[in-house]
Amino acid sequence: MTPSKNAKPVQRGKAITSFFKVTPNNSQSSQPSSSLESKKKEVARTNHPKSTILQASSSKMQDVIMVDDSDDEPPTKKIKPRKSALLSSSEDDAFPKKSTSGSIKVKARTSLPAKMIVSSEDEVAPRTAQKRKKLSALISSSEEDDERKRSPPKKKAAVANDTSSKPKARASLPAKKSKIGDDEDFEMAVSKSDEDKPIVSRTKPKTMSKSAISSDDDEPKLKSKAKLKAPKQRSVKKKAEEVEAKSKIEGNGKAETQESKKPNWAALKAAKARGPIAAGSKAVPDGEDNCLLGLSFVFTGELSSFSREEAIDIAKRFGGRVVGQPSSKTNYVVLGEDAGPSKLKAIEKHGLRTLNEDQFLALIATRKGSGKEIDEKTRKKMEKEHEAIKATAKEMEKKEEKAMKEAESGAGPSKVIDPSTQLWTTRYAPQSLKDICGNKSPVEKLELWLKDWPQSYKANFKKPGKNGMNMYRAVLISGSPGIGKTTSAHLCAKLAGYTPIELNASDTRSKKLVENGMNINNKSLDSFISGSRSIPNPVGTTITDQTCLIMDEVDGMSAGDRGGVGALNALIKKSKIPIICIANDRQAQKLKPLMSTTYSLPFSKPQASMIRSRILSIAYREKMKIPANVIDQLIAGAQSDIRQVLNILSTVKLQSNTLTFDEGKELSKMNEKYTIMSPFDLTSKILGPYLFSHTARETLGDKMELYFQDHSFVPLFIQENYLKSDPAKLRSEQGPDKELKRLELMDKAASSMSDGDLVDGMIHGPEQHWSLMPLHAVCSTIRPASFIYGTGVHFGGPNSMSFPQWLGQNSKQNKLSRQLSDVQVRMRLKVSGDQNEIRQSYIPALHPHIVRPLVEEGSSAVDDIIHRMDEYYLAKEDWDTIVELGVGEQKDDLILKKIPAATKTAFTRKYNSSEHPIPFHKATDLGKVPKKIAATEVPDLEEAFDFDEVVEDASDDETNAKDTEDISHDKLIQASKKKKGAVGKAKK
Amino acid sequence: MSLWVDQCRPRSLEDLHYHHELSTRLRSLASSGDFPHMLFYGPSGAGKKTRITCTLRQLFGSGIEKLKIDQRIFLSPSKRKLEVNVVQSNFHIEITPSEAGNYDRVVIQELLKEIAQTQQVDLNAKQKFKVVIINEADSLSKDAQAALRRTMEKYMSNMRIILCANSTSRLIAPIKSRCLLMRVAAPNAEDMQAVMQHVSKRVGFDLPPDVASKIIDDSGGNLRKAILCLEALKMQSPDLSGALTIAKPDWETYCHKVADLIISEQSPARVMEVRQKFYELLSHCIPPTIILKQQTVADRVVERVDDAIKADVMHWAAVYEVRMRIGSKKIYHLEAWVVKVMSLYKHFFYDMDLTGFD
C-alpha cells in the first residue's frame, strides 16, 4: 500500500505543474485540438497513478500497479499510449471541474471494500524502498525536466493514436473514482462505472495537424473553449501546489484487473449495446437550416450523448448526408469511442477529416446555412438536379394542359375532369415508363413479354425467349403496396397495345364467375365503337383489338371468391390473352396453385433516391417548398410507399406550402405502418441488448406493445429463450461473482415468469380476467427480459433462438395422458387405482411382465404376454402406450430397439389372430355417436315438482324414452358389452 | 394371472386386514338401512377403493361385482365432445369427473341428475337407493363441487354419494358437512407386514420378515406399491435371499438423475438440460407435484445439499408447488424452482452473503 501512496502526491503535483505550464501554450496554440490532446495526457497521468495506489495490498493488483508505474516513466510509457489516451480523454472534462470544487473523483470498480482509510505518508513501510526510490526520482525532477518529458509524449500520442486503430477492450478498462476531501482524509467511493463517465473524443492528430481543422468555423469555437478552461485549470494548479507543499497525500484507486491487447470483440459489442454514456447531456445547437447541406458524414464508434440514430437524425435534419462507409467523397467522419478499425483504416487511406462529438455540434452551430459554403461541384450538381425537377414539373404541366385541351375539344365527352380536383395519386400517376420510379428491369421484362405474347401464343409457349418468360401465359407481379404494381401493369399493357381489363377485389371473382363471366375470348369492342379509325392513346400507341386481363389483388380472393384462385389457374392454362396477376405476398398459401403457371415478377421497394426527384417535381409543381431531406424522411417513414407519400403531401398542402424536418418526422410517424413482426423477431428484440439499455427511448408502453403484437406466443418464446442471452447486467462482473449474479438474474426472471403464469391462470381460468393482460405482459415478458437482456439471443450460433417446446410437449402430454386414461379404463375392472397410480405403480410393475420378456426371451414369451394382457383387458394399442410411457432406461426408443423385428411381428400377428376380452366398446369406435344428453332438454325439475311421486313419474318417462333411443342407436354396443362381460367372467 | 395386488384384494369387510374399527363401523352403517353420503379420504395405496367396494358388497351383495364399462359423451357449452367413462353395476355407478377436465361440472350436473331421477328398478335389491362413487373428488373444480351440493340433498331418497379423495383440503366445506368423513389412514408397518405375509401365503411361498420390512420401508405406507414391489422382487430372485435391491420405477430413477444434474452444475445450459428432462417427465404423465416433492427431485436435492440450505430448498419447493397448482404451465414453476435452488446452492458454495435474498 505504502509505496504507491508515496508516489501519489509527487506525481500529482508534478503533473499539475506541467499542466499549468501547458495552459498558456494552449491558448496560443494554432492547433487547439492537439494541445488539448496533450493536456489530456497530462491529466491522465495525474489521475492514473493515483488510482492505482490503494491496491498494493492485493497481490493481483500489484502487477497492475507495476504496469501503471511503468506508464509514468517516460521511456517505457510509450508502450501504453492507447490506454493513457483513453483515460486522459475520460478525465478531460471531469477533472478540472471537480478539483475546483475541492475534491477529485477517481472512479473505482467493484470488489473493493467500500471504504478504505488511507494512512499518511509517515506510515510508509520501509520494505518498499525500491519503489520509493523511483518515486523520489520523479519528485526531484525539475519543471524543465517535466517539460522535456512532456514534449516527447506529445509526439508519442500521435504515434500512439496511429497504432491505436487496433481496438482494445474498452470494457476492461474500468474508470476509477475516489474522493479527496479538503481535510485530506481519504475515502474511496465505489461507484457504478456507467455513471457519468465523461466523453471520449479520439481525434486523429495526423490529419488534424496536416489539414488544420475540419472547417475554419470550428477553430474559434474550440479556442474559446480552451480559454474557458484556462482559469479553472489555474485553480486546479493552486490546489495542487498546496498539496505538494504539504507533501502529504493519500492515494487510492483500483487498477484494472484485466488488459488485453487484442481486439476484444465481446467488449466492443457490449460497449455498443450499452448505448451512450451520458445520454441527453448535450443540447443540439440551433444551427441554420441546411447548414450541413452538401456534406456527407460517416458516423463510427459510440458518441457519448447521442445514440447513433439520434446523431444521424441530427445530421439529416441540417441537410447532411449520412453514409455507412467512409469513402474518398466523405466530408467528415464523426468519431466516437471505439471506432471500427476498418473505418479508421479508411479514414487514413482517404485522409478524411474527423470530428468528435463536440466538434460535430460546433460545426452545426457555426456553419452558415442553406448551402452557402458548399464547393462548386456539389453546387453544380444540386443546380442540375433542381433544373431537372423544374423540367419534369413543366412537362407534367404541359401534359395536363394538353389533356385538358383535348377534353375540351370534345374527343371524349365524359372525360372533362379538372386535374386539380383529382387525387394527387391519379393526377400524377406515371404516364410513361420513364415516370415509373424504380423497378426498371421488371417493368421492361413485363413490357417485352406483352409485346412477344402473340408470337409466344403462336409458338404454343414453347420458346423461352430472352428472359425465359415466353413460356408462360401469365405473370404474377408481387410486392408491397404503393410501389406502382398496378400502374406499371396498366401502362405496359397500353404501351404494348392491349386494352386492359382489370378485375380487382371489388369484383366478385368466384369460380363460377371467373369461368363464365369472363368473356375473354372476345375481342375488345373499343375499336368497334370508335369505328375503324383507331384512336391513339395518350402514350401514342394505337389500341388494337387485343385485350389483356389484369387480375389485381389476387391474394385478396377470399371467402366470397370460393374456388376463384383455382378457376383463375385453370383459366391461365388455356388463356388466349395475356393475364397479369398482382398480389402483395407471393408466398401466400392461396397463391400456391399459381406458382407453376405464372412467371413470378417481384417488384421491390424503390430506393428513396429513385422516388425523391419525382416527389420533388410534384412538390414544385404544386408550389410547395419542401427540402429534399424532408422528402427522404417521408419516404423512409412510409417505407417507400409512393402513394402514401403523395397522400401525405396532398394533406399537408391543404394547410401550408412548407414542411420542416421535424414536421415531416411527426407526419411519417403518424402515418407509420405497423410492421407485423414475427415472434422470433419480437423475442430477439425484447431479449436483445437495446430495448432495456440506458439510452433506449422505449417507454414501458412501447415495450408492452411488443407483447401485444402476439400475446400468446411472445411469453412462450421468452420462456424458451431467456436462458440463452448473455445478460448485459453482468458486464461489469468477473469470476464467481459473475456466476452468482447470473443465477440471481435468472432466478428473478424465472420467478417473474412464474408470477406471469399465475396471472395467465386468472386470465384463461373460469373467470377470465382479461383486464389483467397488461399485468401478464409485464410479468411474463417485460420484467424477465429486463433482468436478462443482453446479446446472444438471435438466429444461428450455438444459442440460437428456438421455437417454444412447450407447445409440442404439451400436446404430447395431452396425447399420452389420453392414451393412459384409455389404459386405465380398460384396467379399471381389475384395478382400483386412478391414472396416476397406473402410471406410477402399475406400469413399472407390468413392464417386466409384458414388455421385458420380449426383449429377453423373444417370440417364445408372446403367449404369456398376451395372456397377461388379456387378464387386464389390455389391447395391442395399450401395450404400445405402456412402452411409450417409459422414461429413462425404459424409454420407448431404447426398448423398441432391443426387441427384434421378428419378435415384434410375431407378437402383433399372434395378438391379432386370437380373440381377446374387451371391457367395452368406445362409442366413437362404432362410428355413431350416441345422442347427447342435452342440458336444455331436461326440464328443471327442481322447481316444477315438489314431491317425489311426480318426480319419479316424470323421470321414469324420460328414462324410458332415453332407453328406447339408446337401444335403437347403440344396440351393438349393448350387445357386445354383455358378451364381453360374459367372456371376462368366464375367464375368471 | 393377474398381479398379486389384484389377485389378493379383499372382497368383503371381513377380509380386510387392518383398521378393524373402521370396518365394524362400515358394517353397522350398511346394515342400519340409513346409509349416509360418505367421503373416504386418505393417501393412495391405503385401501380406500377396496374398502368402498367391500362396503358396497355389504350393502348390495355380490351383484355389485358385475361391472360393466360404458362410455358416455357429453357436449360442453362450447360444443366440444367430452368422453367420460362410467363403470357401473346394477346398483352403483362410478365416475371420474376429472376426466372431463374443466367441464367436470357438466358431467356432474347431467349424469347425477339423470341417475338421481330414476329409482332403483331391481325389486330384489337390498337397498332402495343407488350409489354414485365419485373418484378423485379432490380434483373437482369449485363449480362442480357447487353443482354437487344441492343434488346431494335433493335426491337423498334415490341416491347416495361416496366421494373418494386423497385429502379433504380441496373440498369445499358444504360438501364436507354433507358427508360422513371416513379417514382411511395408511397402514402401519405391522399391518403391512401382516398383509404381505397373507399375500405370500396365498401365492404359496415364505416371506422372510426382514425382506418384508425392507419393502415396507421403501413403500412409504403405500400398500399397493409394497405388494407390486414384492412381486417384482420375487420375480427378480425367486428365493428372496441375499442382498436384495428394490428396483425403483423408471420415473423415480429419472427424477434422481435430474436432481443430480442440479447439484453437479449450476449454469443456464444446465437449466435448459433440466428443463428438457422435466418436459420428458411431464409429457410421460408424471404429475408435476410428484416430480417436485415425493421422494423425487426435491427430496434427492435435499439429501445432497448441506444442512444450512435444506430448509430453504424445501421452502421453495413448497412455494412453487402451490404456484404450480394454481397456475397452468407447470414447467414455469418447476424451472423457477430449479433456478432458485441453483442460485441458493451456488451462493452457499461460495459462502456468500445471503442477505437480501429471500
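Helix α24 (residues 628-637) of chain A packs against helix α26 (residues 661-670) of chain A at an angle of about 10°, with their axes 9 Å apart; axes are lines fitted to C-alpha atoms over the stretch in contact, and angles run from 0 to 180 degrees between N-to-C directions. α24(A) is therefore roughly parallel to α26(A), a term for angles under 35 degrees. From α24(A), the contact includes Val630(A) and Leu634(A), which meet residues of α26(A) including Phe661(A) and Leu667(A), where contact requires C-beta atoms, placed from the backbone, within 7 Å.

This is a predicted model, in which local features need pLDDT of at least 70 and side-chain atom pairs count only at pLDDT 80 or more, while totals for chains, interfaces and linings use all residues. Residues are numbered from 1 along each chain as its sequence is written, and chains are lettered from A and ligands numbered from 1 in the order in which they are written.

| Strands | Sense | Bridges |
|---|---|---|
| β2(B) (residues 68-75) and β3(B) (residues 81-88) | antiparallel | 8 bridges |
| β3(B) and β4(B) (residues 92-95) | antiparallel | 3 bridges |

Phe74(B) stands opposite Leu82(B) in β3(B), and Val87(B) has Glu94(B) of β4(B) as its bridge partner. Between β2(B) and β3(B) lie 5 hairpin residues, where Lys79(B) takes a positive phi near 65°.

The contact between the chains takes 70 residues from chain A and 73 residues from chain B, and helix α15 (residues 330-349) of chain B gives the most to its side, with 11 residues.

Conventions: Contact = placed C-beta atoms within 7 Å. Helix = DSSP H or I, 4+ residues; strand = E, 2+ residues; numbered from the N terminus. Parallel < 35°, antiparallel > 145°, perpendicular 65-115°, else oblique. Pairing = 2+ DSSP bridges.
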